[in-house]
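Please keep the sequence and the coordinates at hand while reading.

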Amino acid sequence: MLRFILSTIACVGLVWVFNSPLKTGATTLPPLGKFFSPSHGFWVNAEKDKYLNTALRSSDVNEHIEIAFDDRLIPHIFASNDHDLYFAQGYVTAMHRLWQLDISSRAAAGRLSEIMGKSLLNYDKKQRRRGMTFGAENTLESWQRDAESMMMLEAYAAGINAYISRLKPRDYPLEFKLINYQPEEWSVYKSALFVKSMCVTLNSREYDLEFSTMLEMLGQEKFDFLFPEFNPDSDPIIPPGTKWEFDPVIAESTTSPAIPVTHGIGKRAGFEEEYYVGSNNWAVSGEKTASGNPILCNDPHLSLSLPSIWYELHMNSPEQNCYGVSLPGMPCIISGFNEDAAWGMTNVGQDVLDWYQIDWANDEKTKYHLDGEVLDVTYRYEKIEIASGDAIVDTVVYTKWGPVMPEGSHEGLAMRWIAHDGGPFSDAMTFRALDKSKNVHEFLAAMDQYHAPAQNFVFADKGNNIALRIGGSLPLRAKGQGRFISDGSKSANGWNRTIPPAHNPVTINPERGFVSSANQRTTDDTYPYYYTGGRYFEDYRGATLNRYLSSMHDITRNDMQQLQQSGFSMKAEQILPAMLDAIADATLTSEEQTIVDGLLQWDYDYDHTRIEPLYFELWYQHLYYKTWDEFDDIPDTIAYTMPESWRLIDLALNAPDTTVFDLVTTDEKESFDDIVLLSLQEATEELESLEPKASSWGAYRTTTIQHLANLPGMSVKLNNTSGHGDALNAISTRNGPSWRMIVELNDPVEAHVVYRVGSPAIPDRGIMMI
Amino acid sequence: MKLILTLITIGILSYFAQSLGPWWTGVPVAFLVAAIVQLKPGTAFLAGFIGLGLAWGVAAGIADFENSGILSARIGEMLGGLPGWSLVPVTALFGAVLGGLGALSGASGMKLIIDK
């Protein structure tokens, strides 16, 4: 009797324990029995080659769809109509990327606490307070005004949901089992949320807080000296001298004087800078190629993640036949080509997010002043569910500017962000129009409908047309507007409309025979609208690209591959000779001499097999921080920023005796030459003390392709990656070529693509012909 | 002999049953088989232990082999640096303990009824 009771209790108890998530300190383990069970747990996810050519049947589909998977597992969809095509795109995206879809829409909406608990509550609050749900609702509304957009978005959602409805818990992707939750139905609203998260990644950079504090600390004159708005030597995206064939609209707004930051603003918190993102795209006209046909290249350098941010596929219907990458969460191909044309994009450096100080009308902060009137704030009640079963309601205050931050570095400031606006038209159609585009006129028409995130779109067609057009809504600003925290008591201090789409910068078939962009400033000073931004992307890649493309002719796809992989740094080319010059007469130790001798031979190429890139990197970093040692004393609690590299280089070459090179901590007056030597000594010491010792650039700098949940074992570390953020091969520790494409508009179109999805060291590569 | 036949029966039945039911389906299978066969409690435990242990271990081993050990290596690292192959015996052990206890309960329960 006792044995029966004991063994039964033990047995049932064990099943119960193994069926429950286990908390060990900060981490929660999945239910162990369920997780290890070979019929339900992670073993089910141990995939073998199981994707054969499949035929899909579903009641949501009008006609027959065929999806063939090639040897790289890329789906080729053949559908009889466009509704079915988008349905199938949703279906295969869910099949390969269901967890990514789920987690990215949850992260965008601020719904992570719901599955992962309290530790993510602050993240969720941040998302709600920056108006992600507000912006997504406005975007959805603009989409709903267009039936064709909704056909496409709803078919895509139905495809995802058709896949989900077929799943039993044992079939869930691994991450659902690890975190122990279930996939949720997709909706068009979630696509809108996804677009908002792309706007955070691409269109939310600004330095308003830092510039305001710096202006207050330094005074106008010194601020202007250290932080000029533009690099006068910059090589803009639109070729200088391009004529603007429109009558500019006059900005009816004004520029507020910068609001002195007096209310104890601390170091930026909650809206930290995102990872460095740097992308390249270009197209060369047939006059410059060996085949006589244009070649278009796209190389978006987003953060490298697992799963990849991109999803490669081929979409074929009677209305379209295109190939390229999509973003899981949105229908259509984003960067790709069809039988007649190719297109791709890089990020626009323009600032589209400003901060306004609210002038409260009462202590309770329920009323505020605007244009002499007293207005009531409005509220959005953001309910955040927590995995434990609790929920909190975060009340977010809205003014006419946008949401007001209740705490942290931006307390009392309202956010005016272009991504909160739905847009005057349904920009979901832009990519559908691109996917079907046959010529440059259709491309330009598609651009007129695009809202956000703003991008530099490059295009080429078989008629030997090449074009680069800035797509997206850009604020129509008064000169100087939006650089600093502004006075929110006058609505004229903000932009009240956007630049008419037809006035966005564009270049079509320029005389130089190529178009290109690498995130740099869009135009020269002749463009009649005010541009602010650009600081986030220095100009070296753009200028390098233009220099190479100008000198090239008889270009082949192979030449383009080499250009995409170029590790050449113009920054090094500009400053290193001056650095070497500065220490030419100095007495050096043998270690220092080794560095100098190496760099005398260096061709400014961040080749992973060489050690010179590391020498330069360390030496330059010490030089940078020694130059701006005036900033050392600023406490970490204050939001500040330092001048850009181009400013240092400009001063070093043209004003080596300026006081910025004088060290504040010494009595002597140092010049550029003096601190170059000091930096060399410090760099040598740092090199000697490196643990483990680095024998090459590739051994020193690793690049991690990180799993979206940052789980140990699921990320991939790449050693021996060449390139640098200043080079065309813009690889950093977390960013790199997330997708590469070279398309030659021959008959048939020929293309090379690189798509990093998960293979441990060597990127997948394939040739596609249609 | 009875032991071997029982453990094979538990193994095969649970292998198929658990692809239909929840993950712990092998436990009631071991319980029922041990009860019907009327093994001694000690032998029953052994039959369940080996039977379900094998069912889980073999299934995991096949999955691991067909996947070239890619996933188990990653899960192993996630679990604090276990080598990937070790997850196969760990999986077998989970099955074994559950199967053993299930069979033991089944056999003792049946003994209770018979002894009455």
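**Backbone geometry in the loops**

A:Pro748 is situated in the loop that runs between strand 27 (739-744) and strand 28 (750-755) of chain A; helices (H or I, at least four residues) and strands (E, at least two) are DSSP runs, numbered from the N terminus. The peptide bond leading from A:Asp747 into A:Pro748 is cis, and its omega is near 0°. This is a predicted model, in which local features need pLDDT of at least 70 and side-chain atom pairs count only at pLDDT 80 or more, whereas totals for chains, interfaces and linings use all residues. Residues are numbered from 1 along each chain as its sequence is written, chains are lettered from A and ligands numbered from 1 in the order in which they are written, and side-chain values use heavy atoms, with hydrogens and water left out.

A cis peptide bond also joins A:Ala452 and A:Pro453, with omega about -5°. A:Pro453 belongs to the loop between helix 12 (440-447) and strand 20 (455-461) of chain A. Most peptide bonds are trans, and most residues other than glycine have a negative phi. Against that background, A:Asp554 has a positive phi, near 50°, and is placed in the loop between helix 13 (540-551) and helix 14 (557-564) of chain A. A:Tyr604 likewise has a positive phi, near 65°; its loop connects helix 16 (590-601) and helix 17 (612-627) of chain A.

A further loop residue is A:Thr658, found between helix 18 (645-654) and helix 19 (672-689) of chain A. Is A:Thr658 buried or exposed? Its relative accessible area is 14%, so A:Thr658 is buried; buried means under 20% relative accessible area, exposed over 50%, and partly exposed in between (1.4 Å probe, protein chains only). Not counting residues up to four places away in sequence, A:Thr658 touches A:Phe225, A:Leu651 and A:Lys669, where contact means heavy atoms within 4.5 Å.

**Helix packing in chain A**

Helix 6 (residues 132-144) and helix 9 (residues 188-202) of chain A pack with their axes 8 Å apart, at an angle of about 120°. Axes are lines fitted to C-alpha atoms, for helices over the stretch in contact, and angles run from 0 to 180 degrees between N-to-C directions. Helix 6 of chain A and helix 9 of chain A are therefore oblique to each other, because angles under 35 degrees count as roughly parallel, over 145 as roughly antiparallel, 65 to 115 as roughly perpendicular and the rest as oblique. Helix 6 of chain A contributes residues including A:Met132, A:Leu140 and A:Trp143 to the contact, and helix 9 of chain A contributes residues including A:Val188, A:Leu193 and A:Val200. By class, the residues of this contact are 10 nonpolar, 5 polar and 2 charged; Ala, Val, Leu, Ile, Met, Phe, Trp, Tyr, Cys and Pro count as nonpolar, Asp, Glu, Lys and Arg as charged, and the others, Gly among them, as polar.

The axes of helix 3 of chain A and helix 5 (residues 121-129) of chain A come within 7 Å and cross at roughly 70°. These two helices, helix 3 and helix 5 of chain A, are therefore roughly perpendicular to each other. From helix 3 of chain A, A:Ala107, A:Ala108 and A:Ala109 meet A:Tyr123, A:Gln127 and A:Arg128 in helix 5 of chain A. This contact of helix 3 with helix 5 of chain A has 4 nonpolar, 1 polar and 1 charged residues.

**Nonpolar cores**

In soluble globular proteins, nonpolar side chains tend to be buried together. A nonpolar core is here a set of buried Ala, Val, Leu, Ile, Met, Phe, Trp, Tyr and Cys residues joined through side-chain atoms within 4.5 Å. The largest such core has 123 residues, of which A:Ile77, A:Trp143, A:Trp417 and A:Phe443 touch the most other members. Helix 3 (residues 82-109) of chain A supplies the largest share of this core, 15 residues. A second, separate core of 57 residues includes A:Ala543, A:Ile583, A:Tyr604 and A:Leu690.

**Chain B**

Chain B contains 5 helices and 0 strands. Of its 116 residues, 52% count as buried. The C-alpha atoms of chain B fill a box of roughly 55 × 25 × 25 Å along the principal axes. B:Leu3 lies in helix 1 (residues 2-17) of chain B and, at 22% relative accessibility, counts as partly exposed. B:Leu3 and B:Ala47 are 44 residues apart in sequence, yet 5.9 Å apart in space, C-alpha to C-alpha.
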